[in-house]
Amino acid sequence: MIQYLAEHGPGLIHWLILSNVLFAIGIYGLLSRRNAIGILMSVELMLNSAAMNAVVFNRFLTPRAVDGEILALFVIAVAAAEAVVALAIFVALFRNRSSIDVNRMDSLKG
Amino acid sequence: MTEPAGIVLKNAWLIPAIPLASFVLVGLVVRPLSRRLAGIVATAAIFVSAAMAWILAWEYFSATPHGEPTAVIPWTFEWLRYQTGLTVKLGVLVDPLSILLMVVVTTVSALVHLYSIGYMHDDEGSGRFFTWMNLFTFSMLGLVVAPNIVQMYVFWELVGVSSFLLIGYYYQKPSAVAASNKAFIVTRFADLGFMIGILILGFYGFRLFSELGDAGLQPFDFAFLTSPAVLERLATMHLGTCDISILTLSMVLVFMGAAGKSAMFPLHIWLPDAMEGPTPVSALIHAATMVVAGVYLVARLFAAFAASGTALMVVAYVGAFTCLFAAIIGLTQDDIKRVLAFSTLSQLGYMMFALGVATVGHPLGYTASMFHLFTHAFFKSLLFLAAGAVIHAVHTNNIWEMGGLVRKLPITHATFLVATLAIAGIWPLAGFFSKDEILGAALDGGHPVIFAVGLLVAGLTALYMFRIYFLTFWGKFRGMVTDPVHEVPALMRVPLVILAVASIVAGFVPMGRFVRIGEEHHAGINLAVAIPASILALIGIGLAWILYSADGRRAAQCTVRMGAFYTVIKQKFYIDEAYLFVTRRILFRFVARPIAWFDRHVVDGGVNLSGWIARTTGSVLRHLQTGQVQVYGVWFVGGALLVLLILWAGWR
């Protein structure tokens with residue numbers, strides 16, 4: 001496989017596999033991490049995998065257009081903004097409850 | 001002939017509208033400010049109405065001195081539109097009958113209002129009292145001027161509501177609450193018949209309307225319902241295979257409503273209990289409003305009743321029976337207002353049977369009935385107001401705790417005596433003329449039994465009225481009250497005196513000129529009737545003097561001798577008990593209780609079941625909501641995967 005890659009360079013399918021792997025790791029982290037920062041990081045992973053999808057499709061299917069790249073830039077910007085909001089919420093949460101363990105944040109339990 | 005016209009006639013709608021406006025004004029604005037002012041405003045409004053009613057009568061009758069009376073509808077307003085050609089209008093109907101009633105209602109009501117200012121002087125709630133009194137007067141006026149039966153029914157119920165409010169005025173007294181409920185329920189039960197009658201009339205009337213109606217009328221209008229063509233068709237229609245014509249059926253049902261309001265046997269039981277209200281209310285109910293509504297309804301639909309002979313006979317015999325029945329009970333009651341109540345029943349019986357013995361060809365009874373309604377309004381309201389003055393003075397209703405008031409209450413005594421003589425039918429007071437006319441109508445109409453009953457009751461009337469007169473005003477004072485007995489204040493004397501004058505002169509009103517069917521009737525005294533009736537009345541008075549003058553000692557012996565018979569009469573023939581038996585033992589047990597069981601277990605059960613299902617589902621699903629964001633995430637991802645799976649499966 002190394003040999004193959006060295007000869008051909010990665011193709012569309014390889015990038016998509018990478019992006020899927022990143023997305024799956026993100027979902028796993030989202031559902032299993034107990035630390036809110038970890039969850040945030042998982043969300044970032046998922047966002048990046050989606051952005052990468054956009055770039056990869058752009059690169060391999062319509063190489064002349066730049067729509068995918070622009071979309072990726074937007075995703076990065078949104079992710080940055082989202083991180084700001086999320087971290088601010090975590091700070092506020094920590095001030096109130098001295099913890100950012102999501103398992104303990106169950107005030108909405110029915 | 002000329003159409004009657006005049007300023008008041010054109011604006012006749014103001015006569016009921018003024019009490020309505022005053023009701024709103026007094027109830028919402030004046031009453032919270034000052035209850036004194038509330039009484040004055042309310043009274044002033046009714047006086048304005050009364051003045052307008054008299055001017056209206058003058059305008060109308062001076063325009064049509066001898067011609068055939070016409071019905072004028074100066075004001076209408078489309079109120080309900082069911083479909084094209086079937087609308088109900090609110091309106092004001094001006095014809096001799098409605099004018100008579102308007103005059104009576106507003107005049108008596110105005111005087112009763114005036115009297116009430118004095119009577120209710122010390123009552124904290126008198127603002128409320130005057131508000132309801134205005135509503136009562138408005139309702140009755142709306143009923144009287146109704147040009148169609150639907151409007152009449154609406155105001156009919158309004159009269160019922162306002163009487164309920166007034167009878168239950170002392171709402172902290174359980175007996176008053178019971179009495180107001182009784183009045184409401186009994187009359188409502190009767191109104192059920194009235195409503196079914198209206199519906200039957202409306203149903204068949206509408207069917208006939210398309211072929212017989214003309215542009216100016218509506219199916220519910222009295223003018224349409226009493227037109228000969230319609231009546232002829234209704235009288236020949238039959239209900240299925242029964243031998244009863246539609247006309248008879250609907251008229252008997254309508255008469256049931258009239259009997260409820262006018263307290264005819266066997267729906268009379270509410271009226272004696274209605275004494276629980278303040279005395280002016282009794283005067284208003286008994287003289288001007290409420291009870292005469294039934295008589296008025298029969299008179300209004302007289303042509304329809306007459307077209308169905310059976311219905312008219314029902315009216316005549318129910319009236320005559322009530323007349324005698326109530327007079328007999330009236331002989332034994334101890335409560336002064338109750339005696340007056342039974343005398344009202346008896347007099348209403350006169351009015352009813354007078355209508356019943358009249359026919360289109362021989363309409364003297366019709367005039368006589370309205371004449372008696374007119375005169376009775378004055379002397380009966382006077383009797384009640386004077387009785388109110390007596391009660392005001394001695395603080396009891398029981399005639400055995402009164403006595404010897406002739407010196408202490410000279411004006412009350414004089415006016416009460418005038419009214420008593422008037423109701424007993426002594427010449428030349430009002431009751432003599434109207435009763436003479438009624439008895440004459442019964443005799444000429446070929447109803448000897450009814451005539452005999454009427455004659456007998458004339459004697460009984462004199463007996464029971466002079467019984468309370470002697471017990472109240474003569475002999476020694478038998479009461480417990482030690483504080484001095486005062487004559488009523490001047491404000492209350494004025495209406496008493498005015499009504500006394502009216503009771504004297506009302507008999508000379510040539511009613512045969514004003515309210516009639518067909519030819520003008522020249523009222524003359526029918527000596528063949530007048531002499532025996534007067535003799536019987538004098539015998540009644542004499543008997544009352546013998547029995548009750550010496551503080552009723554002779555009467556007490558008489559009572560003992562009569563034994564059980566007396567007890568039965570005194571207990572009003574156990575009619576109330578019979579009602580209680582029927583309602584409690586039969587209706588409640590065998591009808592109401594199963595229905596209540598069904599309601600509680602089946603209907604409520606269904607409702608409870610649906611509630612239980614929702615609650616149980618909720619409590620199961622509740623456990624899904626853990627508050628853990630990650631658990632929700634798992635559900636979300638799982639759901640998304642499931643959707644993807646389904647899409648994938650479908651795509652393949």
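## Close-up views of chain B

**View 1. Helices H10 and H13 of chain B in contact.** From H10(B), B:Val254, B:Phe255, B:Ala258, B:Ala259 and B:Lys261 meet B:Val291, B:Ala293, B:Gly294, B:Leu297 and B:Val298 of H13(B). Two residues are in contact if their C-beta atoms, placed from the backbone, lie within 7 Å. The contact divides into 8 nonpolar, 1 polar and 1 charged residues. Ala, Val, Leu, Ile, Met, Phe, Trp, Tyr, Cys and Pro count as nonpolar, Asp, Glu, Lys and Arg as charged, and the others, Gly among them, as polar. H10 spans residues 246–261 and H13 residues 291–300; their axes come within 6 Å and cross at roughly 155 degrees. The two helices are therefore roughly antiparallel (angles over 145 degrees). Axes are lines fitted to C-alpha atoms, for helices over the stretch in contact, and angles run from 0 to 180 degrees between N-to-C directions. Helices (H or I, at least four residues) and strands (E, at least two) are DSSP runs, numbered from the N terminus.

The model is predicted: local features need pLDDT of at least 70, side-chain atom pairs count only at pLDDT 80 or more, and totals for chains, interfaces and linings use all residues. Residues are numbered from 1 along each chain as its sequence is written, while chains are lettered from A and ligands numbered from 1 in the order in which they are written.

**View 2. The largest nonpolar core.** This core holds 219 residues. B:Val298, B:Val315 and B:Leu355 touch the most other members. Helix H17 (residues 364–394) of chain B gives the most to the core, with 20 residues. A nonpolar core is a set of buried Ala, Val, Leu, Ile, Met, Phe, Trp, Tyr and Cys residues joined through C-beta atoms within 7 Å. A residue is buried if 20 or more other C-beta atoms lie within 10 Å of its own, exposed if 12 or fewer, and partly exposed in between. Leaving aside neighbours within four places in sequence, B:Val315 contacts B:Phe255, B:Val298, B:Phe305, B:Met352, B:Leu355 and B:Gly356.

**View 3. H17 and H19 of chain B.** The axes of H17(B) and H19(B) (residues 430–444) come within 8 Å and cross at roughly 155 degrees. H17(B) and H19(B) are therefore roughly antiparallel. Their crossing is left-handed: the near helix is turned anticlockwise from the far one by less than a right angle, whereas clockwise is right-handed. Among the residues that meet are B:Phe371, B:His372 and B:Phe378 in H17(B), and B:Lys435, B:Glu437 and B:Asp444 in H19(B). By class, the contact has 8 nonpolar, 8 polar and 3 charged residues.

**View 4. H20 and H23 of chain B.** H20 covers residues 448–473 and H23 residues 527–548. Their axes come within 7 Å and cross at roughly 30 degrees. H20(B) passes H23(B) in a right-handed crossing. Residues in contact include B:Leu455, B:Phe466 and B:Arg467 in H20(B), and B:Pro532, B:Trp545 and B:Tyr548 in H23(B). The contact divides into 18 nonpolar, 3 polar and 1 charged residues.

**View 5. B:Val643 in helix H27 of chain B.** H27 runs over residues 629–651. B:Val643 is exposed, with 10 other C-beta atoms within 10 Å. B:Val643 and B:Ala311 are 332 residues apart in sequence and 78 Å apart in space, C-alpha to C-alpha.

**View 6. Where chain B touches chain A.** Each chain is represented here: 10 residues from chain B and 10 residues from chain A. The chain B side has 3 nonpolar, 6 polar and 1 charged residues.

Methods. Angles under 35 degrees count as roughly parallel, over 145 as roughly antiparallel, 65 to 115 as roughly perpendicular and the rest as oblique.
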